[in-house]
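Here is a short walk through the structure below.

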Amino acid sequence: MNEIIPIEKDLHIAVDQSGIYRIKIQGRLSSGIQGRFDEMMVSVEQNPAGVPITTLTGQIADQAALHGLVARIRDLGLPLLLVELVRPIEQGG
Amino acid sequence: METILLETKLHIPPVRLDLVSRPQLIEKLNAGLSGRLTLVSAPAGFGKTTVIAGWLGQLPVERRVAWISLEENDSDPPRFLAYLIGALQTIFPSTGRDLLATSPFPPLDTAIHFLIHEVAVIAHPCLLVLDDYHLITTPTIHQAMATFIEHMPPGMHLVIISRADPPFSLSRWRVRRQMTEIRARDLRFSPAEATKFLNQTMALALSPTEVALLEKRTEGWIAGLQLAAHSLLSEDDHTDFLTAFAGDDRYVADYLVEEVLTHQPPSIQSFLLKTSILTRLSGSLCNALLDRQDSQSILESFEQSNLFIIPLDNRRQWYRYHHLFVDLLRERLAVTLEERRELHRRASRWHADHSFLPAAVEHSLSAADYEKAMALILNCATEMFMTSRLSTLIGWWRKIPEKQAHQNLQLCMMIAWAWLALGDHQESEHCLQIIEESMATPMSSLLTDINTLPPEVRNALIEVAAVRMSHQSIAVTDAREVLELSRKILPYLTAENPIHLFNPLFALRPVVQFNIGLANQFLGRLDEAVVAFQEAVTAGRALGNVHIVAPALGHLAEVEILQGQLRQALKTCQQGIEVVEAMARKTSPLLGLLHIRLGQLFYEWNELKTAVHHLQEGIRVAEPWHNRETLLPGYLALARAYRALNREEEAIAAEGSFSELLRDDPTANDAVAKAQHVWLQAQHGAVESARRWAASADSCFYAESAQEREVIILARVWLVLGEVDRARRCIDELLNSAEKGRRWGRVIELLVMRALALVEQNRHDDAQRSLSRALRLAIDEGYLRTFVDGGEPVVQLLREVEREERGGQGYASRVLVAISVDKEAGRKTEGTTQSVPQQQPHPPMVVEPLSNRELEVLQLIAEGLTNKEIAARLYLAAGTVKVHAHNIYNKLGVNGRTQAVAKARVLNILP
C-alpha cells in the first residue's frame, strides 16, 4: 500500500474514458447467455485441467459501463478470473 | 411511521437556484423523452441527481413526475415493488392498490405483469426516476425492471440513475434508439463550466491558470471541484493550497475531505463525524446523538453552504449526507469501539422512542446490543409479517450471535413461522429443533405426558406441533401421528390458555383442524375429513384467517366430489367464493382453488363453456402466486374442457402451461401431477418413457386411498399402452377400497374404466354390467363426462344398455343424448358417433427426433424471435429458417409457432 511498485506497462485511464477490456470468466456460456454480452467478442479456451475459460473482449464506454458488465457476470454466478485494460481509447477518437 | 419514510424516499430532491446551467445536457435529456429510457450512469460525485432534478423543474407541467431514492434495503423484492407502486401513486393515485393490499405478496416477476397491465391504461405523459439504482442487487428485480421497460405505455418515460450500468441488456433499446445515455463524459465540468462554478457560484476569483490546474487534477469531477472550492473558501492563500493539492497523488476525494474537515471548527468536525453513522438525519435525532440542542440550525447551515447534505423533504426535517462524503466521514470517525456502539445505542433509543422500529433494530444490532435488538424485533414482528419483509427479518436474526439468539425462544418461534411463510421448511424445522432442545423436551412428549408438562413447556411444544403440521400439510407423511397429536392438543387451543411463544394458542385452532381434515382425507376417512374441514372453516372465519378458510373450503369440495356428492360440492364452492370474497378481495388468489373445483364440476355436467369460464378465472387469480396446488389441476382441467369443445390449439397451450409449471420446480412434492404428466406424454406418443415410468411405479404404489389418485393414473397409462391385464389389476384393487371407503365418485370413475378394460379383454357382458352399475350410481348427481370421455367403446355399451332400458327412459339414453347434442355449442350432428371424441384425444404419434439445427431454431422461436431475426442470429438465409420451421411443425404435428412451442414443452424437448 505504502510502497509504490513500478509496473512495465503504461496503463492509465480516466473515469469517463472508453477502453478495450479483456475479461475472463470460468465456464462456457450458452448461446442464449452470450447474447447478453453482444457488445463483446466471445472466445472460449480450455485450461490444462480441461476447465473452459470464456474471454470477453471489447470496447467499454467508461467505468460505469465496466461495473455494469461485471454486475451482469456477478448475476450469472460464474467465477470472474480477470479484468484487464488492454488499452485506453484516446478521447475524441 | 412507514408513510413518513416513504414520503422522504419519494421526494424529488430540491435544486439550488445558483447552479451552473447546462443547456447542452438539458437539450439531450429533452430529446431523449421520445424514447423509453434515459440512463444516467456515472461514478459518485458527478452530479447525476442534481442534473436530473434540475431538468425536471424545467419540464412542461403536464408531464407528471415520480421519484424514488433507492436504498440498500430496497433489494427485498416486496419492498422494491411497494416503492415502485408508491411512486406511481403520487402521480396516478389508484395504481396498484389491489396489489399492495395483497398478502402474501406475489413473486415479483408476476406482480410486475399485474402492474404493467394497470399502467397500460395511462395515456398521460409521465416520467419515473429511479435514483441510486446500483444499490439494487437482486437479479429478479433487474429482470422485472427489464420487463417493465419493455411494456411501459407510450406516454411513460423512465430515468435510471446509477453508478454502474444496470445489469440487464441495454442493447435492445440502444439499437432501437429508445434509450438516451448521460455518462461521465457528458456530466464532467468543461473548463468553461468549471470557471463558472468556481468564480460565480462559489465566488472565488481564481485566475484561468488556477482553474485549469483544478480542472486537470479533478478531471472535471464535480464533487472534487466542490470539495476544493470549500477548502479554498477558508484559505487565505490560494496558491499554497493549489500547489499542495497538485503535488499530492492521493485519491482526490480522500485528500479533499481531509482538507474540508480540518477547516471546520472542532464542534462541527465532531458533528459531521459522529452523525455519519446515520442513514438519515433530523435535528431531533442529531440532538439525541450528540447531547446538543442546535442540530437543526447546523443541518440548515450545511444545506446553505452546500456541504454535501441533501434534504429529503420540503419541511427541512430529514436530510442525508452525500453517499461519497458519508463513506469518507465514517472512515475518519476515530473513536473506540465502545464509543461507536454508544452512538448506535443512542440512535436506536431515539428511533424506538419515535416508533421507527426497523431503524431502531438496525442501530441496536450495530451497537451489539442484542437483547435490546431482539426485544425491538419482536415489537415490530407483526408489522414486518404484514408487509412481507420476511427476508429483512431473517437478515436481522442472522446478525445476532447464535448463542444469544437461540436462547430467545419467542424469536426462534417467530423465525420458524417466517421460514414457513417463505416456504423453506428445512430452515423452519431447524428453529423448531432449537426450541425443543432448549426446553430439553421433544414434541413427542405431548403424546405421552401432556397433562404433566409445565404449562409454558406444553404450550411452546403445541406451537411447535402446529408449525410442523403445516410443514407436512402438502404431503402428510404420517397421517396417523397427526391425528393422534391433534386429539391431544385441541383441548388447549382456547383463549383461556394465555401462555404462548409467538402466536396465541387459540389462533392455532383452525390450523390444527385443517390438518386433521388433510390427514383424514389422506387416510380415506372422508366423513371425518368433512367434519374437520367444516370446523376449520368456522374457526378460521371467527379469527378472520382467510389463509385457512379458503384452502379448507377447497378441500371440503374435493372430498364431497370424491364422495359423489356433486350438488353439495357445488354449494360448498359457491358459498365458499362468497365467504372468501368477503374476507379477502375479489381477485384473491385464494379463490383459485374454488373456481377450479367449480370448473371441474361443470365439466362433469358437460356445461363446457361455464367450466372454461371458471377454470380461466381460477387460473387468472392463482397465476401471480405460482400456486401449484391450484394451477396444476387447473391447467389440466382447462385442456380437457377445450379439447371437448374441439378447441385443440388452446388445449395444447394449456397442456404446455402445465408442463412448464411442473418443470419450474422439479423438487416440489407433486407426485400426482408428475404422474398426470406421464399420462399426457403417453397420449402424445411418448410411449417408451411412459412404459418405463409405469413399470417402476407399479412396484411401489399401493392401492390404499392415500395413493389412489396416482394409481388411477397408472391404470390409465397401462390402458393407453395396451397393457389391459395390468390396468385391470390396478382398477380392481382400487374399486375394492373405494367401495369400502364409500367414495362413490371414485367408484363411478373406476367402473367406467373397468368396462373399457373388459371390452379390450373381450368380456362384453361383464363390461356391460360394469357400465350399468356406474349408470345407476351416476343418475342422481348427473355425471356425464366420465362416460363421454370413455369414447366410442363406451358409446357402444351405452347403446346396448339403452336397448335393454326399454323405450329410452333410462339414464343411458340421457347420456347418449348429451353426447349427440352438444347443447352449449348448439350444434347437432346427424349420427351420434361423429361428435364423440375419440378415446385418445389424438392418435398416438411417435415424435421423430428434431435435428440439432431444428432444436436451435425451435429455441429461438420460443424466445419470440422472428424468422428474420433467427436467420441473422444463426447466419442462415431467411428461406432456410422457414424450411427448418416447416420441418419442426411437421415433426411435432402442429400448425404454428405457438403450438410448436407448447407441444415441445409438453414433450420435454424445450426447457
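**Loops, a helix pair and an interface**

This is a predicted model. Start with chain B. B:Asn646 lies in the loop between helix H35 (628–644) and helix H36 (648–664). Its phi is near 60°, a positive value in a residue other than glycine. B:Asn646 has 12 other C-beta atoms within 10 Å. A residue with 12 or fewer counts as exposed, so B:Asn646 is exposed.

Now follow chain B into H36(B). This helix packs with helix H50 (residues 897–906) of chain B at an angle of about 45°. The axes are 8 Å apart. H36(B) and H50(B) are therefore oblique to each other. H36(B) passes H50(B) in a left-handed crossing. On H36(B), the contact is made by residues including B:Glu649, B:Ile652, B:Gly656 and B:Glu660. On H50(B), the contributors include B:Thr898, B:Val901, B:Lys903 and B:Arg905. By class, the residues of this contact divide into five nonpolar, four polar and five charged.

Go back to another loop of chain B. B:Ala205 is found between helix H10 (191–201) and helix H11 (208–218). The phi of B:Ala205 is near 50°, again a positive value in a residue other than glycine. B:Ala205 is exposed, because 9 other C-beta atoms lie within 10 Å.

Last, look at where the chains meet. Here 16 residues of chain A are in contact with 17 residues of chain B. The side of chain A that touches chain B has six nonpolar, three polar and seven charged residues.

Terms used. Residues numbered from 1 in each chain as written. Chains lettered and ligands numbered in written order. Predicted model: local features only at pLDDT ≥ 70, side-chain atom pairs only at ≥ 80, totals over all residues. Helix = DSSP H or I, 4+ residues; strand = E, 2+ residues; numbered from the N terminus. Buried ≥ 20, exposed ≤ 12 C-beta atoms within 10 Å, placed from the backbone. Contact = placed C-beta atoms within 7 Å. Nonpolar A, V, L, I, M, F, W, Y, C, P; charged D, E, K, R; others polar. Axes fitted to C-alpha atoms, helices over the stretch in contact; angles between N-to-C directions. Parallel < 35°, antiparallel > 145°, perpendicular 65-115°, else oblique. Left-handed = near helix turned anticlockwise from the far one by under 90°.
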